[in-house]
Each structure stands twice: as C-alpha cells, then as structure tokens.
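Q: I would like to learn how to read the place where two chains meet. Could you take me through it step by step?

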6 protein chains.
Amino acid sequence: MSGKIRFDGRSFDELRKTTFERNFLKYPEGSVLITQGSTKVIVTASVLESVPRFLVDTGTGWITAEYSMLPRATQTRNQREPYRGRAVEIQRLIGRSLRAAFNYERLGERTIKVDCDVIQADGGTRCASITGAFIAVFDAINYLYNQQLIYEFPNYKVLAAISLGIKDDQILLDLNYNEDSKVDVDFNLVMNEDSEIIELQGTAEGATFSKKKLAEIIELGEKGILELIKIQKKELNI
Amino acid sequence: MSGKIRFDGRSFDELRKTTFERNFLKYPEGSVLITQGSTKVIVTASVLESVPRFLVDTGTGWITAEYSMLPRATQTRNQREPYRGRAVEIQRLIGRSLRAAFNYERLGERTIKVDCDVIQADGGTRCASITGAFIAVFDAINYLYNQQLIYEFPNYKVLAAISLGIKDDQILLDLNYNEDSKVDVDFNLVMNEDSEIIELQGTAEGATFSKKKLAEIIELGEKGILELIKIQKKELNI
Amino acid sequence: MSGKIRFDGRSFDELRKTTFERNFLKYPEGSVLITQGSTKVIVTASVLESVPRFLVDTGTGWITAEYSMLPRATQTRNQREPYRGRAVEIQRLIGRSLRAAFNYERLGERTIKVDCDVIQADGGTRCASITGAFIAVFDAINYLYNQQLIYEFPNYKVLAAISLGIKDDQILLDLNYNEDSKVDVDFNLVMNEDSEIIELQGTAEGATFSKKKLAEIIELGEKGILELIKIQKKELNI
Amino acid sequence: MSGKIRFDGRSFDELRKTTFERNFLKYPEGSVLITQGSTKVIVTASVLESVPRFLVDTGTGWITAEYSMLPRATQTRNQREPYRGRAVEIQRLIGRSLRAAFNYERLGERTIKVDCDVIQADGGTRCASITGAFIAVFDAINYLYNQQLIYEFPNYKVLAAISLGIKDDQILLDLNYNEDSKVDVDFNLVMNEDSEIIELQGTAEGATFSKKKLAEIIELGEKGILELIKIQKKELNI
Amino acid sequence: MSGKIRFDGRSFDELRKTTFERNFLKYPEGSVLITQGSTKVIVTASVLESVPRFLVDTGTGWITAEYSMLPRATQTRNQREPYRGRAVEIQRLIGRSLRAAFNYERLGERTIKVDCDVIQADGGTRCASITGAFIAVFDAINYLYNQQLIYEFPNYKVLAAISLGIKDDQILLDLNYNEDSKVDVDFNLVMNEDSEIIELQGTAEGATFSKKKLAEIIELGEKGILELIKIQKKELNI
Amino acid sequence: MSGKIRFDGRSFDELRKTTFERNFLKYPEGSVLITQGSTKVIVTASVLESVPRFLVDTGTGWITAEYSMLPRATQTRNQREPYRGRAVEIQRLIGRSLRAAFNYERLGERTIKVDCDVIQADGGTRCASITGAFIAVFDAINYLYNQQLIYEFPNYKVLAAISLGIKDDQILLDLNYNEDSKVDVDFNLVMNEDSEIIELQGTAEGATFSKKKLAEIIELGEKGILELIKIQKKELNI
C-alpha cells in the first residue's frame, strides 16, 4: 500500500519538509524556528542561574520546558489560558525528553528553561517542539561552554520526535492536523540517534491496536526519526 | 532471573493482591474501593444529565474523569491543589480509557463522571483508578438500564491497566511506590479482554529502552492485565 | 414526647451508631475512619516540622485543620472547589476545637495538621470531623511521644461534638441529612469530658429560638456528648 | 463587680456610643454609616432584579451579604484578598441574620444585596454590620414599596447584634478591639425585638465556659441588644 | 462660550466644590476623605517597613498605590474583583504621580503604600485619588519626621490632577459622571505647583482631537490644577 | 542638535527600519509580522461571530485586542502571567486606537479580535502593535468584504503610533529599549493620516515636562507617524 498518496501528496512513510531557522531570536542563549509543513514553533532555551528546590546545593543542573500556543495558531481562535491540562501534559513530555538527551547534571547548578511557543499549528506540535528543542538546548549549552561557564561539553545523544497514526489499518508517518483528527490511533515516539526509545505514547480514541501493529509503528517511526536526526546534525554541524 | 524475589516477596511477574469493594458508597450510581497491595482508590461513577458543549443536541453520551489524592495519601503530606499538571494528565488518560471500554455514544445525552480519589498511594494509582473505574462505570450503566433510562446495555469490552518497570534490565510487573521510584523506565499499559491495546505510555527518566525490551514489556503486561480482568469479571459476574 | 420515633427509628435523644476505625491509613501519624450512621469521615493527623509564621521562634506548637468532601459524598455530585466558604468556616471550627482539647503549646515548634475528608455525608459531618479528629490527634501526639520527639504527653481533655435541631418545638439529637434539611434551628455543640463548653453555634434559618429552649438544647447536647466521649475513651483505652 | 471600669471608661454592661448616618451614599437603594465607638462600617443595600439559581421561577426573593475591610481599617495594613475565610464566615452570618429579620419571600423575584465595608475596625465589626444592615435593608425595601415595585411592606422584626466576652470570669458587653484580643471566650449574639435569638456563636480560644456562664451572657446580651433596637427604631421612626 | 451653563450649573471652566477631611481615619499614618462634587474617595497612606525587591539594600524608599471601588459606589452594583484591568491602569498612574511629587528616595528603606477607595463615584475618581493622595502622603511623611524616623523632610512639589473633556468642540473642566460618559475626548492631567506636567493622558473614544485643541486643554487644565493646589496648600498650611 | 548621533547611528528624529510581513500566518483572517529595528510583533486579527454583551442585538460590531510577550522576548526571561497590569493597560490602548481607525459599527454583529504577541522586544512594542494591527484589521475586514459577509467596506483613516522620549532636554523619536530605559519622560502618540490625535500618553518617571516641550514632542511625533503611514499605505496598496 506504499503507493497510496495522501491529500498533501506525500506517501504514507514520508516526512513533511522540515527546516530550522537557528538563532531566530536575539536575546535567548539558544533559539530556533522549526517548520514542519505548516507547523511552526518558536523554541527558545534560556539559561537560568537557579534550580528547582529539590536540586539546591546538589551541584547538578536541570532542564525543563513550557509549551503554549498563540491564540490564533489554529483554525479558530483559542483563549489564552496557560497551563491548561493538555499543555501541562505536553510540557512534561518535552522536559523529560530533553533530560534524556543531555547529561544535564553536568550543567552546574543552573536550569535550561525551554519555551515552545507554537505560532502555527498543523499537527505534530509536541514532536516539533522536542525536535526543535534539541537544537535550542544544544546552542544554549554551547553558549555556556563558550562563555567558560562550564569547562566540558556534557555528553548527549541527538534525539527527535515524530507522530504516527493508524487510519483504516494503514500506518501514516508525521500527521498533519487534518490526518491527526481522523486517525483511529495516535502515536508519539521520541527516539535517539542510537535507535533507543526515550518515550512512547500510543493513544486510541475509541479504538484499539494490536501488538503486531505496534511493532510496525515503531519501525516506521524509527525511519522517520533517523531522517530528522540527519537534518539536525547537518544544521548543528556535528 | 525469574526466581528473583522482590522486597515484598513477589516474583518479577506477580501482581499485588487486588480486591474490589463494590458499592462502597451509598449515593453514587456506581462506586468501588479498589485495593492493590497498599494502594487504595475510591472510584465513583456519577450519572449527570448533561454533556459537554460539543455534544449538545447530538444525542450521544460521554464519559470523563477526575483524579485526586487525599493530602495524606502519601508518606509526606501534600497540599490540596486540584488540577495540578500530573493530575490533569492522569485524568485525561482515565477518561480516554473508559471511553474505549464502553460504547458511550449509546448512553443518551448524559455524562458518566468518574471520580478517582486516592486515599492511600503505594504506586500504580492511575492504573488502579482505571481498573476500578471499569467496575464503577459498569454499575452506573447498570443503574441506567435498570431504571429504564436506557433500553439496551451498550457494548463493552472489559479492560484493566497495569504498571511495569525496567530496573537493571529486569522487567517488573505492578510496581509499588518503592520500586516505582527506582526503575529506569516506567510503563503504563491499558488493554482489554481481547488483548487489544488501548493506551501505552513508556517513559524513561534519564534512560532509554530498546525495541526488543518493549516487546517483552507488552508480553508481561498482557499477562498481568488478563489476570486482573479475570478478577473483574468474577466481581461483576459477567 | 420522648416516645416519638424518628424516620430512622431513633428516639429524639438517641445518637446514631458511632464507630471508629483507628489507624485507618498507613502513612499518617494518626488516622481514623469515623462512622456515624451513614456519615463517614476519614480524619488524618500529620506531624509537620514547621509552624505558622506568627509562632516561629516561640518554641510552641500549633494544631490546624482542613475539611473537604469527595465530590460524590452527597446525593448529587459537587464540583471540586477547595476552600469554598462553608469549608473554610468548618475547618476554622475544627482547628479551634482541637486547640481547646490539647495543650498544643507543649508540642515543640511543630504543627499537627488535621485533614477531614468526608467520603459519605448524611448530616453532622463537622461534628463527626471534630469527634474523629480527637482520636487522630491523640494518636499523632502518641507517635511524637513514642518516638521521643516530646518527653511529656501534653495535658488534654477529651472532647466531642454533636448537632441538634428544633423541629416544630421538638428538640432532636444528632441530625441526619434529611432531618437537618428540615429543622427550624440548627445547633452545633462542642463540649469536653468536664461538661465545659468549647464552642456553641446556634443558627436559625428563617426562625428563632428562646432562651428557655437554648437551655434545653444544651442539656440534651451534653448528654449526647458524654456518651460519645465514653466511646472515644474506650477506643483509646484511656 | 459592676462598678469595675474598663480602659475606655465604660462599665462592664455599657454599650459604646452608637450612631447611624442614614442615606450615607447617594446611589444605593439603602445605605448607612454605622459608628460604634471607633468602629465604622459603610453598609449598603442594593436591589438586584435577579435571584440565585435555586430561586429562579419561584416568585420569592432573597437577601444576601458581602463583607470586606479596607486595607487600612486596622492598626497594620492588610492585603486586599476578598473572600478570605474569615470574611466568608462573617458574610454568611450577616445574610442569615437579615433573612431572619425580614420576610424576604415577599420581595418578588429579586435580591437585596448587602455590602458591609469596614472603614475603621475597633472590634465588633460583624455585629455592627448586622445592626447597620437592618437599617439599610429597611430603606431598600421602603424604596421598593415607594416605587410600587411591591405593594405590601413585608413583615419584619427589628434585630441587632452584639459581641460579648469573658475575661477572668467577668462578662463584658460590646468589646472593642483591645478587649476582644484579650478575652478568654468570645460571643456574638443576634436577637430581635421580641428577645428571640436568631444566632448565637460562642467561641473559646484555648478556654471553656460553663452552662451557668452561658445563661448570664445571654441575659447581658439581651439587655444590650434591646438598647440598640431602641436606637434603630428611633432612627427609622417606627 | 464661557457663559454656557452645564447641567449642574457650573460654567465650562469651573471646578466642582472640593473639600478635604484630613485624618479621616485613626489608624493610618496619613488619611483623607476627598470630596469633589458627589465623588468621594478615602485615601490612606500607610508606612511599611519594607521595599519592593528591586530596592532591597539600596537605602532608598518607594511610594506605590492601590485603587478600588466599593461595589455600590456607582449607579449599579459592581462585583468585587480587585485588580481588574482598569483598576491596575489607574493605580499605576497614581503611584507614578506621587513618586514625581515627593523625593521618595529620602524616605529610608520603607514604602508608603497609598490606598484609594472610592466610596462614591461621580466622575474624576482617579484625579481625586491623586489630589487626595498628595495630602495623605504628606501627612505620612510628616509622621515619619515627627517620630524622628527620618531627620529631614524630603523635597516635594505640590501636585494635583484634573479631568477634562471635549464635547461638540467645547472644552469642559472637571467632568462629572454624566459629562464623562458623553464627551468625545477625555483627558487627565497631572501637574505641579510650578505648572510642570507630570502626566498627560488624552483618549478619544471614537473621535480625535487637533494639536490646537490640545494646547487649549492644557491651558484650562493648568488653571483648574492651580486652584486645587491652592486649596491643598491651605489645608496643609504650607 | 539635529546632528547628534544615537548609539545605533540614528539622528534624533529618525525612525528605525520598519517592515511588514503581511499574511504571516495562514489561519487568521488578517495577520502581519511587524519589525521595527529589533522589535518584532506578530499581530493577528480574528473574526469572531459574536460581540460583547453590551452590544448584543444592536447590530453593530466591535474591535478589541490582547497583548502578550513570549517569555524570552526580553533580555531576561519573564514568567508567563497573562493579563498582568501592564499588559492590560496596553491592550486597552490598542483596542481604543483601532476602534478610532475603523468605523467598526459597520461590521455587523461581530468582533475583530486583535492578538499582539511580541516575540522580540527592543522598545516601542505597544506602538508597533498598533501600527501592525492597522494592517491586520484591514486585511480581516477585506476578508469579510471579499466573502460578502459585509457589502460595504467601512470608513477608515490609516493610523500609526510612535514612542518618543526626552533625555537631558533632547527629544528622541522611536526609542529602542536602551533609550527607553534612560529617558526622563516617555510619550506614546497615536495619530491618523489627517494628523488628528487619537491618543497621547506622556509619563514622567521622577521628572516633569513643560507645555512648550509638549508642543515640540507632538511636532516630531507627527513627522514620524506620517512616515509610518506612508509605509503602511504602500504595503496595503491604498
């Protein structure tokens, strides 16, 4: 069924065009505008000279995230209500993923605060946020390193995230909003350059999926993520 | 390593003792106290004669959930702050799972509101909430049926949820709090009586897992869930 | 008129069946499930190693309380809105009563935080909370004493609380919800084992009462409270 | 001990000077500035053409109240935080008392909203609010009557409220702030012109009181309230 | 057009009767009731022995303000919602104006907190608040000086504020509520005794104004402000 | 003094480079990215088929605005706290200005909601928001017209806004952040293509200004605004 063409002309296993505009803003230590199809997210990484209470006096650092949308990022306008349920769930996921990408303990007692602000939402915004955030955090750490605020660049493994869905038994990679609203099952996969899984969320809204389908999903997701990581690496020249 | 004994004497693939005290409270249309080891959750299912705005005048019903903890359900006291991030994430999961279990569209234009109140938290509270909620919602629907408010019992598939973890490459089923705080990777699996997956969340806090390990996790989770479903069915006499 | 039988079969001066399930939860320093008829309240007493700001560096302790209801403790579901007016009024009453029962100044600079969570509400929940809280706080202090965190058990006088009402000139002891919603005047009395009054609230919703009636109310309330204190003392073996 | 002189020169059973400035503000249907010693409260009564949801379509009216303090009504400045616990408790008391004074059911489907704003607080502010609110509500009802929005003036009984305290076994009438902060037991009594009790609150902060003392308190409170009612009646010319 | 008479009988360039009741309240360090026509504002100035975070350890002081209205200061009752948009805008203006009037840096590390509570609103409440606040802050500083908490009275220039409007090309001074709701353009001017402008806000709701008109507005506003300052000086005997 | 060069090389009366990226986002009916120097604001105009309560059933429309900043639009990160005082003040100004630009009554009973989200803040963000909003609202009205939702394009006058400051007696046009933080007096001027003033705010933080200076400010501001309007007209081809 690989010949099947989607509404936007992509084949089932094809990513949307993904670009990064690095150093998109002038003040943050790291920032990027990630574009995936019509989805656009401004991701900034800010260095804060403080850590959450449970880390005070431990000498180790932290990475955390906030996620929000402009009111008119979507087809109809949403109210500005920060920290609604869905946003909280997403920003916890972004934070966990980044902490799995970088050895944040070696940042000294400081926090890298990631802000993901979706300015145009056409599906996959949480995944775009994670994929973009890797770039922004990398640059913020680079800033720390170049400013000699840390003397060793912490270990990291490049990671990216991708959404997938099942529609009438057909798996689709990298859903746009229209597809996302129609699939039976919805997946978000976060994986690193060594094909290790960091996070996997599979959600069936009024449907189910089999163990066999799950395995196929992982295979296709891995393919997409490794493509994204290639783009990230080229962008970062690493 | 299957002979390895856990601190509480269980083998790696052994559930904690699970009991249901059905009709635990006198006012709700459905209610249950679910006990899994030391974890205790009061789950109620309330019939509300209204639906969310997007369903008004559609003739179909809805199931939704709230999740909270008593301040001293845990080893140290927590503040009462409803709708914190973690609670929101959990109650969305509970709602989705129940909507996958029952054909809620056939409830008429009414909502079954599930309230999960953890009175003692020793790990696995979101899974216990889902497993218990199946019972409470079943009883609330039974109430509607017996009161002749609906004339057909909607289709359903029994489901349950279980947590799993990986600690030093060893998979563990049904984590208690002590185990949960020590595993490298943390899974929550929601599955129905036909072994169809409704929800899968795999989260690595500072670690990763391979595709092969994921397959093993699903196998062991399925075993645990089918055991739980057997207990649920016996309790409901179905 | 003492022969008059109430709907639940009690005579006008008869308490509902009252039981205590001591150490109901495993984590709190003191905890009890108090049942009075169909009213059920989980009361926990948590030892906090801090005091309100006005007591810092005074060396004396504090007892304070929070009161809440599960959403479906009642016949119809209530929203979760902590700290609504009525709850605040009640938790202030509970705190004052407990501070009158125990010489809290001798606890060292720590707070005993009482949490009263009503899981089933059939009238008299504030009184049940106070009566149960005496047990929970006693056990929390006992914990401090046994752990040698205090070297002397502070002075105390056992106290209990009871509701009363006047309906068509007839005084009733220990109202259930149905009675409570119908009486003309509503009383809550908190009294200790020496028949000293700690708190008295008499509220007429659209009615009034005479000085003579007030004296009769106090007499009957005293009788009920002394019966409750007998049960408490037996439970605590003091 | 009746000869004992208080700091402000009053004998134990003597009210502070009480005055009413009726129609204190120009917009509200009823308004009064009540002064008791240094305590000053602006009380307004606003006619709203709506009722709480539970009264819609019943044809009966409602009286309710809000209570607040200017930030610098007190010796040190308080934050503006409306609806704190204490304020809620007080405004519920004010509302109940006024509903016991007037046959509010005969107001038609409208609400009289009482606002009590303390501009100077020297003890007894809740009692001053109630005593003043009788005047303001009376005038608001008069407005309805004069505007022929109601055709019969509803029945009423004049009421007033007074605080009392016990200090070293001596009962004191109408406490100022300094006395209020020192008494062992604190009473608020609301009573009408026929000496019927509407509300009685007796609160011992770290102390207790006997049944005999309670009877004396009621006697002295009645004396004070009847004096206040005489002033109210003269003011209203009824 | 100076002969034109307004509804309240004033000519276009005539102030409403303005009076100050100094030391209106007994607890604040400075307080005044300012009356301008039917507009009445209680202004208090409280000395707080703390400063905002950005001034800690700088040795300099601060002046800041809060502004609120009693719910029934207006023709119809408003909800109590502190810190709504309009109130915030006004209290920022009041704070800036007072900081321009007094050399607040010489107050030592303390804050003078101004509270403006409008008890009757008939137009010009923000201007009345500023004009009154000069008196209250002056008295609070006098208190500091008399208590020898500061040894030099800080420099100041007396200031006042006035509203103006344009209606059908006619400029009006000191608008009451009725006029304010009808003008095309609305001005607030804050000016000191040396005719220096501290703040100027000109707002056209659905209209515009020319540069020439602006100059005339300033002239007329200056005239009104200098009259107010004369009254202030007489009141303060400076 | 016109030869004086500012830090960024501009003369005192020189605007920063201003560009508009029209139709910046794909979902809103109107949208623009306005760039003035390093200040960048995304402005969207959304058509809502509803009006505020006070306009229901009047047949007339409304224009209103919200203003916010991304957390890292500034040199140090700010918390996400919508509707803080400053933001409210600014969004009220934006709304008033746009309502003065367009005959919003002719939009039918619908609201154009303007969202100004500052993504990079280097001074003058409220003015950039207004200047950009003219473009976005124009395009949203064009959408209504092209969709034949309105049959006549409402009257309008192009407007723009500019900031000015006085530093050591020297007037500066179009302040960047560095200049804004150093000026003694701060102006915001909103003016239309006919040189009519819509809004004027002059604020002295710890300073004052004379009537003569005010006149010079207006002159210079007019010059800047007319330049901006020329750019707007070219962009809109009107």
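Q: Which strand of chain B do five bridges join to strand S9 of chain A, and do the two run parallel or antiparallel?
A: Strands are DSSP runs of E, at least two residues long, numbered from the N terminus, and two strands pair if DSSP finds at least two bridges between them. Here S9 (residues 197-204) of chain A is joined by five bridges to S9(B), and the strands run antiparallel; Thr203(A), for instance, has Glu199(B) as its bridge partner. This is a predicted model, in which local features need pLDDT of at least 70 and side-chain atom pairs count only at pLDDT 80 or more, while totals for chains, interfaces and linings use all residues. Residues are numbered from 1 along each chain as its sequence is written, chains are lettered from A and ligands numbered from 1 in the order in which they are written, and side-chain values use heavy atoms, leaving out hydrogens and water.

Q: What area is buried between chain B and chain A?
A: Buried area is the accessible area (1.4 Å probe) that two parts lose on being put together, summed over both. Between these chains that is about 2,700 Å², with 51% given by carbon and sulfur atoms. On the side of chain B, Glu89(B), Ile197(B) and Lys211(B) lose the most area to chain A, together 22% of what that side buries.

Q: How many salt bridges are counted between chain B and chain A?
A: A salt bridge is a side-chain nitrogen of Lys or Arg within 4 Å of a carboxyl oxygen of Asp or Glu. The count between the two chains is six, and one salt bridge brings together the side chains of Lys211(B) and Glu219(A), at 3.5 Å from N to O.

Notes: Helix = DSSP H or I, 4+ residues; strand = E, 2+ residues; numbered from the N terminus.
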